[in-house]
Amino acid sequence: MDDKSGALSRRFSKAANMSFRDWAVQVRVQGAIRRMNERFEKCEPALTQARYRDLLTKQGASPELKPSYATENPQDRMWRAAKQWVRYDHQGRVNKIREVGDKMMSKDRGLER
């Protein structure tokens, strides 16, 4: 119980010492990430389809990609790869938003604005 209350008091102290500008930037960053996640949920099937088509055009038709010893369906493997690639791209965009927020709060340079 003490561990949770200690962590809570540290978070509260950090939030209490935050300037209004830093708080506003943090709220804007959280809002941008939330909107991006909502948009990603809507667009994920189309993005995955596009990435799957790219994989097919770059690597050839999927039946030719199946090695002779493989038992799984190569189309399923490529769909999973496309979905993972799309999620990785999305996470990269979210990280860029966080980095911009940190720069706006001067966390990366140790400056106060």
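Reader: Which side chain meets that of Arg 87 in a salt bridge?
Author: A salt bridge here is a side-chain nitrogen of Lys or Arg within 4 Å of a carboxyl oxygen of Asp or Glu. This is a predicted model, in which local features need pLDDT of at least 70 and side-chain atom pairs count only at pLDDT 80 or more, while totals for chains, interfaces and linings use all residues. Residues are numbered from 1 along each chain as its sequence is written, and side-chain values use heavy atoms, with hydrogens and water left out. At 3.1 Å, N to O, the partner of Arg 87 is Glu 44.

Reader: How many residues apart in sequence are the parts that Arg 87 and Glu 44 tie together?
Author: Arg 87 belongs to helix H3 and Glu 44 to helix H2. Helices (H or I, at least four residues) are DSSP runs, as are strands (E, at least two), numbered from the N terminus. Because the two partners lie in these two helices, the pair ties together parts separated in sequence by 43 residues.

Reader: Where in the chain are the partners Arg 51 and Asp 89?
Author: The side chains of Arg 51 and Asp 89 form a salt bridge at 2.8 Å, N to O. This pair links distant parts of the chain, 38 residues apart, with Arg 51 in helix H2 and Asp 89 in helix H3.

Reader: Over which ring does the charged end of Arg 51 sit?
Author: Arg 51 counts as buried, at 19% relative accessibility. A charge sits over a ring if NZ of Lys or CZ of Arg is within 6 Å of the ring centre and within 35 degrees of the ring normal. The charged end of Arg 51 is placed 4.3 Å from the centre of the ring of Trp 85.

Reader: Why are Glu 38 and Arg 34 separated by about one helical turn?
Author: These two side chains also meet in a salt bridge, at 3.6 Å, N to O. Glu 38 is partly exposed at 40%, and Arg 34 is partly exposed at 45%. They are about one turn apart because both are in helix H2 (residues 20-59), at a spacing of four residues.

Reader: How many aromatic pairs does the structure hold?
Author: Rings of Phe, Tyr and Trp (its six-membered ring) pair if their centres lie within 6.5 Å; planes under 30 degrees apart count as stacked, over 60 as edge-to-face and the rest as tilted. On that basis, the number of aromatic pairs is two.

Reader: What is the angle between the planes of Tyr 52 and Trp 79?
Author: Trp 23 is partly exposed, at 45% relative accessibility. The rings of Tyr 52 and Trp 79 are another matter: they form a stacked pair, with 4.3 Å from centre to centre and an angle between the planes of 10 degrees.

Reader: Which residues does His 90 contact, leaving aside its neighbours within four places in sequence?
Author: His 90 is in helix H3 (residues 74-104) and, at 7% relative accessibility, is buried. Contact means heavy atoms within 4.5 Å. With neighbours within four places in sequence left aside, the contacts of His 90 are Met 36, Asn 37 and Phe 40.

Terms used: Buried means under 20% relative accessible area, exposed over 50%, partly exposed in between (1.4 Å probe, protein chains only).
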